[in-house]
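Here are some notes to go with the model you asked about. Have a look at it first, then read on.

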Amino acid sequence: MFLDNRQVAMDSALEALADSIDYFQDNIERLRPSLREALKPHYTARLDSMHQLQELARTHLKMLPRDADVERDDFLWLWSRLKSFVGNDSQVLINELLEQERVLMQALSTLFTHPLPEPIEPVVDQCMKGCRQLIRELYELQKRKTRR
């Protein structure tokens, strides 16, 4: 089944949401407890939004769920671990999380360039706002780390 441009944009946004959540969950143990607790509510909300968006995409865009790219996830995890050997583990993770947010913002922005069914738009908007909040939180955590 071929996807139209709007479906491709939605698929990319859903994939970026899933990658972001997976990366956080895969690396949660590497975060210090204070960082973990500061970030956990953002990812819990993101998971809820992702599930809501998946359901809306299935209903309004006739999209079927797809499997995650496991090889890519493994590569990103390994690359992050290698970078941690030469740098501060928390700083490496914060930078990686910021990169995930950049990719997600780009995917959500692209999705907004297509006409979306009315029920989908507020959820995508909510994802964008959550992304911006998380970026602010990550920069604040990064600033606190560099001051020490």
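**Notes on the model**

1. Let's start with Lys40, which sits in helix H2; helices (H or I, at least four residues) and strands (E, at least two) are DSSP runs, numbered from the N terminus. Lys40 is partly exposed, at 37% relative accessibility. The cut-offs here are under 20% relative accessible area for buried and over 50% for exposed, with partly exposed in between (1.4 Å probe, protein chains only). Leaving out residues up to four places away in sequence, Lys40 touches Phe24 and Ile28, where contact means heavy atoms within 4.5 Å.

2. Local features need pLDDT of at least 70 and side-chain atom pairs count only at pLDDT 80 or more, while totals for chains, interfaces and linings use all residues; side-chain values use heavy atoms, with hydrogens and water left out.

3. How confident is the prediction? The chain has a mean pLDDT of 86, and 80% of its residues reach 70 or more; pLDDT is the predictor's confidence in each residue, from 0 to 100. Helix H2 comes out highest, at a mean of 95, while helix H3 (residues 70-86) is lowest, at 53. Where pLDDT is low, the predicted coordinates should not be read in detail.

4. On the overall layout, the chain has 5 helices and 0 strands, so to a DSSP reading (the runs defined above) the pattern along the sequence is α-α-α-α-α. Of its 148 residues, 42% count as buried. Among contacts with a separation of 6 or more, 80% are between residues 24 or more positions apart.

5. Helix H1 covers residues 5-27, which is 23 residues. From first C-alpha to last it reaches 33 Å, close to the 33 Å expected at 1.5 Å a residue; the expected span is 1.5 Å times one less than the number of residues. At the start of H1, a side-chain oxygen of Asp4 comes to within 3.1 Å of the backbone nitrogen of Arg6.

6. Ala13 is in H1 and is buried, at 0% relative accessibility. Beyond its neighbours within four places in sequence, Ala13 is in contact with Leu104, Ala107, Leu108 and Leu111. The C-alpha atoms of Ala13 and Leu111 are 7.0 Å apart, although 98 residues separate the two along the chain.

7. The other one is Phe24, also placed in helix H1. Phe24 is buried, with a relative accessible area of 4%. Its contacts, not counting residues up to four places away in sequence, are Leu31, Arg36, Leu39, Lys40 and Tyr43. Phe24 and Leu93 lie 69 residues apart in sequence and 9.0 Å apart in space, C-alpha to C-alpha.

8. Which residues have the most contacts inside the largest nonpolar core? They are Met10, Leu39, Leu53 and Ile120, in a core of 40 residues. The elements giving two or more residues to this core are H1, H2 (33-60), H4 (89-111) and H5 (120-147), and H5 gives the most, with 10. A nonpolar core here is a set of buried Ala, Val, Leu, Ile, Met, Phe, Trp, Tyr and Cys residues joined through side-chain atoms within 4.5 Å. Setting aside residues up to four places away in sequence, Leu53 touches Met10, Leu14, Leu17, Ile120, Val123 and Val124.

9. Now the cysteines. The structure holds 0 disulfides, a disulfide being a pair of cysteine sulfur atoms within 2.5 Å. For Cys127, the nearest cysteine sulfur is that of Cys131, 8.7 Å away. Cys127 is buried at 5% relative accessibility, and Cys131 is buried at 0%.

10. Lys62 has a positive phi of about 60 degrees although it is not a glycine. Most residues other than glycine have a negative phi. Lys62 is in the loop between H2 and H3 and counts as exposed, at 59% relative accessibility.

Definitions and conventions: Residues numbered from 1 in each chain as written. Polar contact = N/O pair within 3.5 Å; in protein donor to acceptor, adjacent residues only side chain to side chain.
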